[in-house]
Amino acid sequence: MKKFIDTYRVDSARAEWWDYARNGRYYITICTENREHYFGKIVKKTMRLSHVGVIADIMWHEIKNHTKYVELGVYQVMPNHLHGILHLNYPKIENYDLDRGRHVETLHATSLQSPTGTKSDTELTKQEQMSLISPKPRSLSTILRSYKAAVTRHARRLGFPFGWQGRFYDHIIRDDEEYQRIVDYIINNPANWKDDEFFS
C-alpha cells in the first residue's frame, strides 16, 4: 500500500495509464458485500430478483438519466453481483481538456493552491486533500459510486439489509470481437451460474 497525506491507502484497481473519463466501452462487475445473495436467486437458469435486486435493476436503468452522454449496454443482475457495459460518449469538445490532462477538479469553493504557491501536504485542509484523490466528475468511478450509493440508500430506506463490496471491477473493451464475447457472457450468465467465478 502507498501513503497519501501520511495515511496508508489501498492501491487503486484502475489502470493508471487510462483516464476513466475518456470515451469508451467499459465492462463492469460490482459485487455485494461478502458476496451475499442480496439480489435474488437463480431458478431454472433464470434470475429471480429479490426486492433489493429490483432496486439494483431500476437504479442501473437510471444511470443514463443522471449522467448525460452515458449509454447502457447489456447488463445482468445476479444473486451476488452485477455485470454491465457502460458506453461513455461525451462530445469531443467536452473531452478537450480531459484528453490533454488539463482538467483540474476541486470540491466546492476549494482551491488546490494557496495565493503564494503550492501547499505542502501538512497545510492542505481535509476538503483539499479529498479533492486530490476524489474521482473526476463524469468518470467511471463517479458514475458507479453514485449508482452504488443510490441502491444502498433505497434498500436501507425500505428496511432491507444490504451492503456492497468496496471496489468494482472494470475492463476497457478494445474491439467489437471482444465486445460481442462479453455481451454473450453477460446474457448467458444466469444459465451458466454454477460455472461462474462468483457462484457460492
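## Helix α1 and its buried face

In helix α1, the residues Val 52, Gly 53, Ile 55, Ala 56, Asp 57, Met 59, Trp 60 and Ile 63 are buried, where buried means under 20% relative accessible area, exposed over 50% and partly exposed in between, with a 1.4 Å probe and protein chains only. Helices (H or I, at least four residues) and strands (E, at least two) are DSSP runs numbered from the N terminus. This is a predicted model, in which local features need pLDDT of at least 70 and side-chain atom pairs count only at pLDDT 80 or more, while totals for chains, interfaces and linings use all residues. Residues are numbered from 1 along each chain as its sequence is written, and side-chain values use heavy atoms, with hydrogens and water left out.

The buried residues of α1 pack against β3, β5, β6, β7 and α4, contact being defined as heavy atoms within 4.5 Å. At 1.5 Å a residue, the 16 residues of α1 should span 22 Å, and this agrees with the 22 Å between its end C-alpha atoms; the expected span is 1.5 Å times one less than the number of residues.

## Helix α4

Helix α4 covers residues 140–157, and its 18 residues should span 26 Å at 1.5 Å a residue, in agreement with end C-alpha atoms that are 26 Å apart. Its buried residues are Leu 140, Ser 141, Thr 142, Ile 143, Leu 144, Tyr 147, Lys 148, Ala 150, Val 151, Thr 152 and Ala 155, and they pack against β3 (24–32), α1 (51–66), β6 (70–77), β7 (81–88) and β10 (164–172). After α4 comes Gly 159, with a positive phi near 85°.

## Phe 162 and the aromatic residues

Phe 162 is found in the loop between α4 and β10 and is buried, with a relative accessible area of 5%. Not counting residues up to four places away in sequence, Phe 162 touches Thr 32, Tyr 38, Phe 39, Val 52, Val 151, Thr 152, Ala 155 and Arg 156. The C-alpha atoms of Phe 162 and Glu 33 are separated by 7.8 Å, although these residues are 129 apart along the chain.

The structure holds eight aromatic pairs, for which rings of Phe, Tyr and Trp (its six-membered ring) must have centres within 6.5 Å, with planes under 30 degrees apart counted as stacked, over 60 as edge-to-face and the rest as tilted. One of them joins Tyr 38 and Phe 162 in an edge-to-face arrangement, 5.3 Å centre to centre and with 70° between the planes. This pair links distant parts of the chain, since Tyr 38 lies in the loop between β3 and β4 and Phe 162 is 124 residues away. One aromatic cluster is formed by Tyr 38, Phe 39, Trp 60, Tyr 75, Tyr 147, Phe 162 and Trp 164.

Strands β4 (residues 40–43) and β5 (residues 46–49) run antiparallel and are joined by four bridges, strands being paired if DSSP finds at least two bridges between them. Arg 48 in β5 is the bridge partner of Lys 41.

Most residues other than glycine have a negative phi. Lys 44, in the hairpin with two residues between its strands, takes a positive phi near 50° and is exposed, with a relative accessible area of 80%. Asn 34, in the loop between β3 and β4, likewise has a positive phi, of about 55°, and is exposed at a relative accessible area of 68%.
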